[in-house]
Amino acid sequence: MRGTTHVTRIPRPLLGALVGVTALLTAGALATPAGAAPKADSSNAVSSVSAGAQTQARDFWTAQRMREAAPLDLVSVDGHFDGGSAPLKGQAATVAPSTPAKTLKKAASDIGLMAFPNAGGQWTGGGAVVNTAGRVFFTYQGRTASCSGNAVTSANKSTVITAGHCVKLDGAWHTNWVFVPGYHDGQAPYGRWTASKTLSTPQWTASEDINYDVGAAVVAPLDGKQLTDVVGGQGLAFNTGYNLRMYSFGFPAAAPYDGEKFIYCSGTTNRDFLLSNDHGMNCNMTGGSSGGPWFTQFNESTGTGLLSSVNSFKYNFLPNRMYGPYFGADAQNLYQTAQAS
């Protein structure tokens with residue numbers, strides 16, 4: 001195992017205490033370089049994947065490789081970082097789920113309601129979320145790694161939402177990127193969907209600003225079918241405020257988890273009062289859960305909701321509290337760009 005890496009950042013003047021931040025996938029890139037936030041520039045916010053690379057990625061991720069994939073070592077970032085600019089607000093907007101009835105497996109109403117609030121436990125409620133959510137696999141700096149993601153309603157029926165650091169990190173786009181909805185036990189019940197494009201917010205691609213840690217992928221058709229025609233798509237919500245009841249899902253792969261269980265957390269969120277403008281929720285998920293969806297208006301009986309954030313990072317001194325970016329105008333623009341691709 002690699003040793004812990006420490007990176008010192010220039011302190012923010014209003015914060016006198018030393019604060020550590022831990023990324024859920026890997027680390028240092030979640031400390032934004034100090035200084036003024038860069039202007040948004042979408043010119044480098046999309047990476048296209050050739051047909052040959054797509055085939056290579058699909059073949060690369062065998063059942064054995066998926067089982068063996070692990071989150072990169074968690075790297076502690078000691079020191080303050082400039083949280084960058086607050087997400088630009090816009091008018092509240094929602095997109096409805098588009099989950100076919102055939103994807104609604106055993107519903108929570110059949111087994112009783114799940115615990116709320118809940119700081120981490122296996123999801124046994126069934127519903128659409130067990131099909132729309134999945135693991136994300138990719139190669140990062142020559143190593144295999146995993147994140148989480150979720151299929152959403154989209155014009156192209158091919159859009160997956162995840163975290164920014166699950167598509168690009170340390171200035172490089174990940175390769176061999178695939179989405180495996182409904183993953184379990186090394187199996188891909190709905191197939192391995194390869195990215196034809198990966199995207200993130202301009203602020204993340206420019207300086208990896210933690211406030212904009214949102215990513216997306218457009219996946220290629222598989223066996224002549226499009227993603228949401230097979231697994232359905234969850235809804236989305238933008239600019240809908242803070243202090244909301246939310247459910248978070250993911251496939252944590254770092255101890256005590258192993259990436260084989262579909263885990264959820266739930267609770268009323270609060271706005272981060274330290275270094276970001278993120279939502280915060282009590283949640284013990286670990287590395288590998290990055291990019292997993294946070295839902296508002298989540299219906300346990302159907303497993304559907306409005307994707308309103310994603311698993312992003314934790315503070316070292318709050319290991320059981322998860323943070324996810326606010327879905328403002330830039331996250332909405334990212335979604336629009338992805339679904340129009």
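Which handedness does the disulfide of Cys-147 and Cys-166 have, left-handed or right-handed? Point 2 has the answer; some ground rules and the overall picture come before that.

1. **Ground rules and overall make-up.** This is a predicted model, where local features need pLDDT of at least 70 and side-chain atom pairs count only at pLDDT 80 or more, while totals for chains, interfaces and linings use all residues. Residues are numbered from 1 along each chain as its sequence is written, and side-chain values use heavy atoms, with hydrogens and water left out. The protein has six helices and 22 strands (DSSP runs numbered from the N terminus: H or I of at least four residues for helices, E of at least two for strands). Of its 341 residues, 58% are buried (buried is under 20% relative accessible area, exposed is over 50%, partly exposed is in between, with a 1.4 Å probe and protein chains only). Among contacts (heavy atoms within 4.5 Å) with a separation of 6 or more, 77% come from residues 24 or more positions apart.

2. **The Cys-147 and Cys-166 link.** A search of the whole structure turns up two disulfides (a pair of cysteine sulfur atoms within 2.5 Å). In one of them, the sulfur atoms of Cys-147 and Cys-166 sit 2.1 Å apart. The torsion about the S-S bond is about -80°, so this disulfide is left-handed. The pair links distant parts of the chain, 19 residues apart: Cys-147 is in strand β7 (residues 143-151), and Cys-166 is in the loop between β8 (159-162) and β9 (168-169). Cys-147 is buried because its relative accessibility is 0%, and Cys-166 counts as buried at 0% too.

3. **The Cys-265 and Cys-283 link.** Here the sulfur atoms are 2.1 Å apart. With 70° about the S-S bond, this link is right-handed. Cys-265 lies in strand β16 (residues 263-268) and Cys-283 in the loop between β18 (279-282) and β19 (293-299), so the pair ties together parts 18 residues apart in sequence. Cys-265 is buried at 0% relative accessible area, and Cys-283 is buried at 1%. Counting bonded cysteines along the chain, the disulfide pattern is 1-2, 3-4.

4. **Helix α1 and its two faces.** In α1 (residues 51-60), the buried residues are Gln-54, Ala-57 and Phe-60. They cover an arc of only 130° around the axis, which puts them on the same side of α1 (the arc is that of the directions from the helix axis to the C-beta atoms). For the background: an α-helix has 3.6 residues a turn, so residues three or four places apart point the same way. The face turned away from the buried side carries the exposed Ala-51, Gly-52, Gln-56 and Asp-59. Cover for the buried residues includes α2 (63-68), β6, β7, β11 (175-181) and β12 (193-200).

5. Thr-132 lies in helix α3 (residues 129-132) and is buried because its relative accessibility is 0%. Its side chain makes a polar contact of 3.1 Å with the side chain of Asn-150 (N or O atoms within 3.5 Å; within protein, one must be able to donate a hydrogen and the other to accept it, and residues adjacent in sequence count only if both atoms are side-chain atoms). Arg-135, in strand β6 (residues 133-140), is buried at 0%, and its side chain has a 3.0 Å polar contact with that of Ser-146.
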